[in-house]
Structures are given as structure tokens and as C-alpha cells.
Amino acid sequence: MADISIITKYFPKLTDEQKSQFEALDALYQDWNSKINVISRKDMDNFYEHHVLHSLGIAKFTNFVPGTEILDLGTGGGFPAIPLAIMFPEVKFHAIDGVGKKIKVLNAVAEAIGLKNIVGEHLRAEDVKNKYDYVVSRAVMQMPDLMKLARPLLKPQASSALPAGVIALKGGDLSEELKPLGKNAAVESLSIYFEEEFFTTKSVVYVLK
């Protein structure tokens, strides 16, 4: 079994099912990555820290109530959607990407670990018909561009305590990138939740609809 101690260190109340789902991810992504490159080869050595725990930074930032509907825009092979779907089994996730083979990986991984609350779809944001409580994303594009795509996809009001908006995982200095969004954007460093050096340059950005 894969060592998920870096996950249980910060999320000690996981159920046995959640633990087994997280443990299964490493081998599944190793296998798929050998066929379809969804994660950089060198990064697989730090898979749980750089991908799974990083995705779960959103779970530290906010809690989603059961029934919340979330769109992962530009999910790639399933980040942050798959770790979040494991963490919040009663929340509905719709993960989309413009690259079909990445969605194939996401759906295969979800099926293999018995994840019932996520649907992956090969789809562009412009073609999404539904509305969501939140749009999540991980380093897909500049925030002003992401907001243009996300705003039409957000409900007027969210189910959870946090008002409807975009929650994105970003790296580096964001001051210039966030200037056009003004007071609607809030930034929180992931280093306040996670002590590993990797997170000193990583942030979660929340932008109101």
C-alpha cells in the first residue's frame, strides 16, 4: 500500500474507505502515466504532496455541505477534483477538460476506486450547460481569464456558507495577476495549513462571482 501519512497528518479523521481510496491513487496514476502523460514523470515521486495534498488545500480553506455542486474547470487527470471528491463524498463534482485522453484517465481512476460523486467529461467551459455553487481550478490560466469563463457557470447563491465563486490553487507572486479583480479576490497561503516547503509559494485564491 502507498504511504499516505502526509494526507492523514493533516486529515486525521478519514474513514477507512477514504484511506483506501487515497492509497489506491498512487498505483493507478503510475500505471496510467506510463500510457498517457497526465503528471510529469519526475513529479510522480512527490505525488501525494504535490498533487493530492495540494488539491486538498481547498478542503482546508473551506468546507462544502452535502449536495454542493462543483465544477473543476481544466481538471487534467483529475486535480483537484478526485482528491476533493474523496474528501467530500456527498458533494457532486463535474470535472471537464479539453483533452479527451486526460478525462479518460480521470474516469478510469474514479471507477477503479468506486468514486460515485464525480463525472468527468471532455468538454470546453463554453459548452457547459449547468450552473454550479463553485468552480475550482488548479493553475489552469490567469485568474481574470478564468473568471470570464467561470462567471456564467455559477449559481446566484451557493449551497455552502461561502458565497458562489471561484476557488483556485495558484503558485508564485499573484499581485499583478489579481489587480484587475480588486476587492473581489482573497488570497490565502497554503503554508498556514501545510508545513512542507513546497507550499511556501502556493496559495488558494477565492474570487466572488
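**Close-up views of a predicted model**

**View 1. Helix H3 and its buried residues.** The buried residues of H3 are Phe-47, Tyr-48, Glu-49, His-50, His-51, Val-52, Leu-53, His-54 and Ser-55. Buried means under 20% relative accessible area, exposed over 50%, and partly exposed in between, with a 1.4 Å probe and protein chains only. Nine of the nine residues of H3 are buried, so the helix is largely enclosed by the rest of the structure. Helices (H or I, at least four residues) and strands (E, at least two) are DSSP runs, numbered from the N terminus. This is a predicted model: local features need pLDDT of at least 70, side-chain atom pairs count only at pLDDT 80 or more, and totals for chains, interfaces and linings use all residues. Residues are numbered from 1 along each chain as its sequence is written, and side-chain values use heavy atoms, with hydrogens and water left out.

**View 2. Ser-55 and its contacts.** Ser-55 lies in helix H3, residues 47-55. Its relative accessibility is 0%, so Ser-55 counts as buried. Which residues does Ser-55 contact, leaving aside neighbours within four places in sequence? They are Phe-79, Pro-80, Pro-83, Leu-84, Arg-138 and Leu-169. Contact means heavy atoms within 4.5 Å. Glu-121 is 66 residues from Ser-55 in sequence and 19 Å away in space, C-alpha to C-alpha.

**View 3. Strand S1 and its partners.** Four of the five residues of S1 (residues 69-73) are buried, so this strand is largely enclosed by the rest of the structure. S1 runs parallel to S2 (residues 92-97), and five bridges join them. Two strands pair if DSSP finds at least two bridges between them. S1 also runs parallel to S4 (residues 134-138), with three bridges. Leu-71 stands opposite His-94 in S2. In S4, Leu-71 has Val-135 as its bridge partner.

**View 4. The crossover through H5.** S1, helix H5 (residues 81-87) and S2 make a right-handed β-α-β unit. Right-handed means that, with the strands pointing away from the viewer, the path from the first strand over the helix to the second runs clockwise.

**View 5. The nonpolar cores.** A nonpolar core is a set of buried Ala, Val, Leu, Ile, Met, Phe, Trp, Tyr and Cys residues joined through side-chain atoms within 4.5 Å. The largest has 57 residues; Ile-7, Phe-11, Phe-22, Leu-25, Tyr-29, Ile-118 and Ile-167 touch the most other members. H5 gives the largest share of this core, six residues. A second, separate core of 21 residues includes Ala-125, Val-128, Val-166 and Leu-181.
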